[in-house]
Amino acid sequence: MPPTNEAAGSHRILRIDRVVIRFAGDSGDGMQLTGDRFTSETAQLGNDISTLPNFPAEIRAPAGTLPGVSSFQVHFADYDILTPGDAPDVLVAMNPAALKANLSDLPAGADIIVNTDEFTPRNLAKVGYAASPLDDGSLADFAVHPVALTSMTVDAVSELGISKKDAERAKNMFALGLLSWMYSRPFESTLRFLERKFAKRPDLVTANKAAFQAGWNFGETAEDFAVRYEVKPAKMRPGTYRNITGNQALALGLVAAAVRSKLPLFVGAYPITPASDILHELSKHKRFGITTMQAEDEIAAIGAALGASYGGALGVTTTSGPGVALKGETISLAVALELPLVIVDVQRAGPSTGMPTKTEQADLNIALYGRHGEAPLAVIAPKSPSDCFHAAIEAARIALTYRTPVILLSDNYVANGSEPWLLPDAGELPDLSVTFATTPNGDDGRFLPYLRDPYTLARPWAVPGTPGLEHRIGGLEKADKTGDICYDPDNHEFMVRTRAARIEAIDVPAVEVEDPDADNGDRQGGRVLVLGWGSTYGPIGAACRALRQRGLPIAQAHLRHLAPLPANLGAVLAGYDKIVVPEMNLGQLAHVIRARYLVDAVPFNQVSGLPFTAATLESLLEDVVKNG
């Protein structure tokens, strides 16, 4: 019998406006699946959501050890939220390692649901516990709920004839059932999901449903859970929403760009964390004229994508920082050829292999400058998971209009995080139609492949095989207009400066400033402007919102376009006494701002592999506002 959404009469319903829950366990305990299903249930209720998956870097660390802990944090509320939350209100710890790895993040009074079956002497010793923290008083500051998750799951499915291993693996569904009951989540979509996921194993469908049911029933009957919680839907713009990750949104944005440009989309990629999901998602959409190729290496992937652009397609390659380094020579070739190309860099913590599953914003310098010679290109960055959709379309617009490579800087935090996405009206998306060269454009009847549009400075795009439009391509310097190989120093100077001017000619929107305390005159009213880019948008916004609620004036501006920078940015910066630039690197944007605008941009940097917390930024910015 499926669980019901009617609360038992003995349970009190407590309405709250927000909650942060973190599921944590071994990488094989299904914490990402559990968190994802809880998020999907929450999305159906109309709450605003922000999530933070946190994966171990090891493919399969030893069970029960700290390096193998995987967690999924979900923040949901009845109002607009900007981050996955700074600290969990509830921790579900599937073993001692999960408890120890996450305990320092918990505020006093937080709820801890502990799988007591895993707190064995052997598992405790693996993570350095001399005695069980459940018995030694070290958790006195928290509300601890001991639950025998594993054994109760095994008991719940004991009559279904499945193996002990399969029975134990269903304990994540028990935990999901319990949390779904506690927070009054719907469950129908999870039951349907289980039917799809285990369609080839009906016994596992039945077992996982039974485990979910047992968790729900345990919440109903256990004296330890006397209160159920309810979070009302958030007030959101009317429309159809879906929960979406950054990688999914970016992939769908590329599909939309292909449709709106009426071009085939070719994606050449080599699997790399955390970008691989983009390739996986795009491979599902072949009906839209999408071709995906998993290449043998990063260089082959971008070479194929650039070849596709030469052939008249929208060429895309996806990667992370190590792959950008390998692709550098071909990116420079694309600059010289002046062909559209979108390079998606889902940043991760470096250098070298670094921490592949952790987040960082440290690829800005390589995006701006990481090529030999003077090889400028466009760089943009999405600010949130759902914004990845629009950033992908914008990257395609720039690439196609200005015949240039574009680097799109996402990061692990944005790529794997999720939030509600308002589905756009397809008819309102920008028209990206391209006009190919079809006839010679020279006065003498010749085709001049480097004769430029007077406004965009873009050269014509000629599909190979078009009669009369034969022209030379390659990496050697081109003569102006004719495209012939040319070593003339004056021509080289002209071409270098023209390629730079083409990037500066890109039409990008003005940067907007969120400053409720602005004067009516030209000068902005706040003393302090916080300038960010990419995924710092949420923590910066939450920190600024908290300071304003306390009566402190502070302004926020966020950059999507990093090359070229918005034309009004200099005037905006001049209107403030202090510019603070929080980044998950050692100050890369701050250095650019200082050099370009000669302002005292104060960097605030973190390179821990984790996103900023709003509380950290709030404390820093409060000090800046009060003390200068």
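Tutor: Gladly. Keep in mind that this is a predicted model.

Student: How many disulfides does the structure hold?

Tutor: A disulfide is a covalent bond between the sulfur atoms of two cysteines. Here the structure has zero disulfides.

Student: Is Cys 486 buried or exposed?

Tutor: Buried means under 20% relative accessible area. Cys 486 has 18% relative accessibility, so Cys 486 counts as buried. Cys 544 is at 0% relative accessibility and therefore counts as buried.

Student: Now the strands. Which strands pair with strand 2?

Tutor: In a regular strand the side chains alternate between the two faces of the sheet. Strand 2 spans residues 18–26. Strand 2 pairs with strand 4 (residues 69–77) in the antiparallel sense, over nine bridges. Strand 2 also runs parallel to strand 5 (residues 90–93), joined by four bridges.

Student: Which residue in strand 4 is the bridge partner of Arg 22?

Tutor: Gln 73 in strand 4 is the bridge partner of Arg 22. On the strand 5 side, Ala 24 stands opposite Ala 93.

Student: How many residues of strand 2 are buried?

Tutor: Eight of the nine residues in strand 2 are buried, so this strand is mostly covered.

Student: And the surface? Which residues form a nonpolar patch?

Tutor: Leu 476, Ile 485 and Tyr 487 form one, with about 340 Å² of accessible area together. Leu 476 lies in the loop between strand 16 (418–422) and helix 16 (489–504). With a relative accessible area of 45%, Leu 476 is partly exposed.

Methods. Residues numbered from 1 in each chain as written. Predicted model: local features only at pLDDT ≥ 70, side-chain atom pairs only at ≥ 80, totals over all residues. Heavy atoms only, no water. Patch = residues over 30% accessible without salt bridge, like charges linked within 9 Å, V, L, I, M, F, W, Y side chains within 5 Å. Areas by Shrake-Rupley, 256 points an atom, 1.4 Å probe, with all protein chains shown as cover. Salt bridge = Lys/Arg side-chain N within 4 Å of Asp/Glu carboxyl O. Helix = DSSP H or I, 4+ residues; strand = E, 2+ residues; numbered from the N terminus. Buried < 20%, exposed > 50% of the residue type's maximum accessible area, 1.4 Å probe, protein only. Disulfide = S-S within 2.5 Å. Pairing = 2+ DSSP bridges.
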